[in-house]
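Work through the exercises below with the model open. Try each task before reading its solution.

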Amino acid sequence: MTGSIAIIAALLVPLIGVLGIVGARHKPNLREVVTLVTATCLFILVASLLTPVLAGGRPSVSVMEILPGLELAFEVEPLGLVFALIASFLWIVTSVYSIGYMRGHHEKNQTRFYAWFAVALAATMGVAFAGNMFTLFIFYEILTLSTYPLVTHAGTDKAKQGGRTYFGILIGTSIAFQLLAIIITYVTVGTLDFTQGGILAGKASDFVIGMLLVLYVFGVGKAALMPFHRWLPAAMVAPTPVSALLHAVAVVKAGVFTILKISVYIFGLDLLADIGVRDALMWLAAATILIASVIAIRQDNLKRRLAYSTISQLSYIVLGAMLATEAGIVGGTMHIAMHAFGKITLFFCAGAILVATHKTEISQMGGIGRIMPITMTAYTIGALSIIGAPPMGGLWSKWMLGMAALDAGEFVMIGVLMLSSLLSIGYLLPVSYQAFFNTPDRHVTGKTVIKEAPAFSVAALSLTALGCIVLFLFPDPLYHLAGMIVTPLD
Amino acid sequence: MIAAHLPALLIAIPLIAAPVCLLLGRGGLAWAWSTLVSWLVFGLSWLMLQKTLISGPFNYELGGWEAPFGIEYQVDTLNAFILLIVAAIGAVVMPYARASVNREVPAHKHTLFYTAYLLCLTGLLGITITGDAFNVFVFLEISSLSSYAMIALGRDPKALTASFQYLIMGTIGATFILIGIGLMYQMTGTLNMADLAKRLPAVEDTRPVMAAFAFFIIGVSLKLALFPLHMWLPNAYAYAPSVVTAFLAATATKVSVYVLYRFVFTVFGQSFSFDVIPLEPILLVLSLAGIFVASAVAIFQTNVKRLLAWSSVAQIGYIMLGVSLITVAGLTASILHIFNHAVMKGALFLAMGAVYYQVGSVQISDLNGIAKKMPYTMFAFVIAGLGLIGVPLTGGFISKWYLITAVLERGWWPVAVLVLLSSLLAVFYVWRVVEAAYFKAGDNDDVEVREAPLSMLVPLYVLTAASVWFGIDTSLPLKASTEAARQLMGIGG
């Protein structure tokens, strides 16, 4: 199969899945099978692109010209492939998890849920494979729109409120800043194609380029750089599978992915390194890492704590991009993968706890490890990976980012990374401690009965926890692919 | 033979059809007749646009009398495109009208209604096609008088005051236009636009010509609802029957904008309009003020039709902003937005018409939970609403993209920022409706409300689909508006 067909198929398969899901709305079992089959097909399609990309190729396809000079075009390069592989693989796992969660939690409108989920994944593929900034922007906006019904799934006032913040910040920043930046880029350069080495060098004054960088970085609200981070905690009203795949992986990673992509292919690392304002943005990322961690410690609601942790971790990647070194990009790319596996595990666990015990607040979770040993073990593994402790995959990306900071001579940033690791121990591990070493309720005596979440959910979260360990043992393929972003074979 | 007389047929057919409609008597027949005529006119206007795109502008002498003695129709890409918009909206709205008019207009007035509609259509087409300044005034009055009548047919008693208000303002506007034309005639001795364009430069420093320009522009600005001359519009749109609102919102102000283009660029000429008279800063400031004030007012409306009407005032601001740039790119954006806005706003008003048909009200509070009962209607509303915000893959995005590109080409960075910020205001007012429809529990659950009939849904979805289609396949509107803008600026053929 040629690459261009695989690209188009990767965009269409989830949409065909939507038709199947809606068609099978009266047969829940068949509907879930459709989702699983769709997700698996998507992953196989994306994986089929691995061989040509590893061989140095860039499969591409141009669908149509929307405006003169502005095409709806796709091109697969290593960064996008990493992102697409992670998102499509974790979609399979999340689908398995959802079956347990949605039924166990007796959610309504499940067909609508699965259908919009599939649309969101199609949009994610569009973002990952976009061949120019115009195409990326289109799918970026579709991703916002298609996740809105998922965030507001419950239909309550709280969901409406959360949806308002979510939609307002994401659409607001993307229209006011990102679109402006894109149009300015187009007017000054005359193209928006992602090009190795960037397109802006020498095309505009230092002031304009600096301003563009600021507009882009803030315009990609999905990266949740402070002060445009509030949508992420607000999005936690969504059902847990949404928080897990979309708000720990697909949507937020689409944000940081876009920032990496812009850094490498619009500005180019050489130009980026010369931009004065880059320093300020780097410091802002560092501040976001620390402030979000401190806020996370103060949250009692587990999902909210994880959300602030995500904000903090996303800024690692922004920081990696703003270091403007090859190692920073590689580290950032690896962190996309490492954080994805770690954080999705944590969210899966939070959802499993909710389904099995109806508990959402950490303070209520005393002794829960005895009731749900598998879940809480997986939680601990995921937490260690986020912290960056061996033997978990998170170690490698932190290592790379630390090396990158050293390379760039930003010693303070190494301090920030270390401090952040300490803080993340502070907000993640107390949950494990609470679960395993605290007694549940003093008044309840007698033997503990093991009561895990539905088997589908437990299987999914065990798998992603295992993934964290596998990524520690075999980080090489990922490292290799990430390295190809900055040093292409040709 | 018929092809040669396209321009005359385009006007003659609806004009003659109007009295025939009156003779047909019963509502059903009158409706069928006006639908047929609308479709015919749509076909003719399509042929004409193709003709101009292929073989360039052409003139048609009415009755074989040579200009400047006879009346001449001048067709170029610009007015062929506007004609197509008007005719297309008419053709889409008419099948919808049957159910809606049955619900909103007393039965014995149906025939009158359809007759008025045909006259209004004739007037709008006539304004657009004619090459004679006085003829513009005549057709303007035909369309205005018939729209006053149509607005007054609204079920709400406030429709009468709204119509009266519009009548007063509209008449002032028309009088100003007439004074302007009179002064021009006095100074040049001709009413033919091409002739006027030739003779005006010789007398352009005289006070009567400047007065003519001022009267004319203010009159047209009233008709096109340029801020702050828009006060008639929100009430007229809010209380008119739904079909009338959808039709007029998508066509009437747009045709007035066309008149402005024609006189500013073709008749008076760019150098007079922008060098002798400082039209550029005036339009720039008024359009930006209009965008912000009207969008802000829209956010606080409780009646969705009024909300959309205020949004129309804001959108006129975008259209006029494009004009104030005085570049091909700016005019392209302006014309493009005329087209895209007609499609989107038409769809939005049709959706509200469907809601009115079922619920009997378009107050936001009465729309609570409506999405459960009318899912298709509200989905169309959301899609068209996204177009208004300017989300990618909708026509609204394309026109916004062009407008901002054009603004940046002139180096007006702050204006570009303002335009983008203003589109965030659209998020607020569109989302207020969406939240009410999707998240609030309905208070009137006992009232039986069902999805609108198919005859309303199909036209609604034709426009909604068009708003998405022309956000993806932009070739037709883009080609037509670029070509039209070039002709207006006098570049190329």
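The expected span of a helix is 1.5 Å times one less than its number of residues. Helices (H or I, at least four residues) and strands (E, at least two) are DSSP runs, numbered from the N terminus. The model is predicted: local features need pLDDT of at least 70, side-chain atom pairs count only at pLDDT 80 or more, and totals for chains, interfaces and linings use all residues. Residues are numbered from 1 along each chain as its sequence is written, while chains are lettered from A and ligands numbered from 1 in the order in which they are written.

**Exercise 1. A helix and its buried residues**

Task: Compare the reach of helix α12 of chain A with its expected span, then list its buried residues and their packing partners.

Solution. Step one: helix α12(A) covers residues 277–298, which is 22 residues. From first C-alpha to last, α12(A) reaches 32 Å, close to the 32 Å expected at 1.5 Å a residue.

Step two: apply the burial cut-offs. A residue is buried if 20 or more other C-beta atoms lie within 10 Å of its own, exposed if 12 or fewer, and partly exposed in between; C-beta atoms are placed from the backbone. The buried residues of α12(A) include R278(A), L281(A), M282(A), L284(A), A285(A) and A286(A). T288(A), I289(A), A292(A), S293(A) and A296(A) are buried as well.

Step three: find the partners. Contact means that two C-beta atoms, placed from the backbone, lie within 7 Å. The buried residues of α12(A) pack against α8 (206–219), α11 (269–274), α13 (302–322) and α18 (411–437) of chain A.

**Exercise 2. Two helix pairs in chain B**

Task: Describe how α8(B) packs on α10(B), and how α13(B) packs on α14(B).

Solution. Axes are lines fitted to C-alpha atoms, for helices over the stretch in contact, and angles run from 0 to 180 degrees between N-to-C directions. Angles under 35 degrees count as roughly parallel, over 145 as roughly antiparallel, 65 to 115 as roughly perpendicular and the rest as oblique.

Step two: take α8 (residues 207–223) and α10 (residues 242–267) of chain B. Their angle is about 160 degrees, with the axes 8 Å apart. α8(B) and α10(B) are therefore roughly antiparallel. F216(B), V220(B) and K223(B) of α8(B) meet S256(B), V259(B), L260(B) and F263(B) of α10(B). By class, this contact has five nonpolar residues, one polar and one charged. Ala, Val, Leu, Ile, Met, Phe, Trp, Tyr, Cys and Pro count as nonpolar, Asp, Glu, Lys and Arg as charged, and the others, Gly among them, as polar.

Step three: take α13 (residues 304–324) and α14 (residues 328–359) of chain B. They pack at about 170 degrees, again with axes 8 Å apart. That makes α13(B) roughly antiparallel to α14(B). Among the residues in contact are L308(B) and I319(B) of α13(B), and H337(B) and L348(B) of α14(B). The classes are 11 nonpolar, seven polar and two charged.

**Exercise 3. The chain interface**

Task: Which elements of chain B give two or more residues to the side that touches chain A?

Solution. Step one: count. In the interface, 21 residues of chain B are in contact with 18 residues of chain A. Step two: assign. The elements are α17 (395–409) and α18 (413–439) of chain B. The largest share, nine residues, comes from α18(B). Step three: classify. The side of chain B has 15 nonpolar, four polar and two charged residues.

**Exercise 4. Backbone exceptions**

Solution. Step one: recall the background. Most residues other than glycine have a negative phi, and most peptide bonds are trans.

P391(A) sits in the loop between α16 and α17 of chain A. P228(B) lies in the loop between α8 and α9 (232–239) of chain B.

A224(A) is buried, with 30 C-beta neighbours inside 10 Å. A324(A) lies in the loop between α13 and α14 (326–357) of chain A. With 24 other C-beta atoms within 10 Å, A324(A) is buried.
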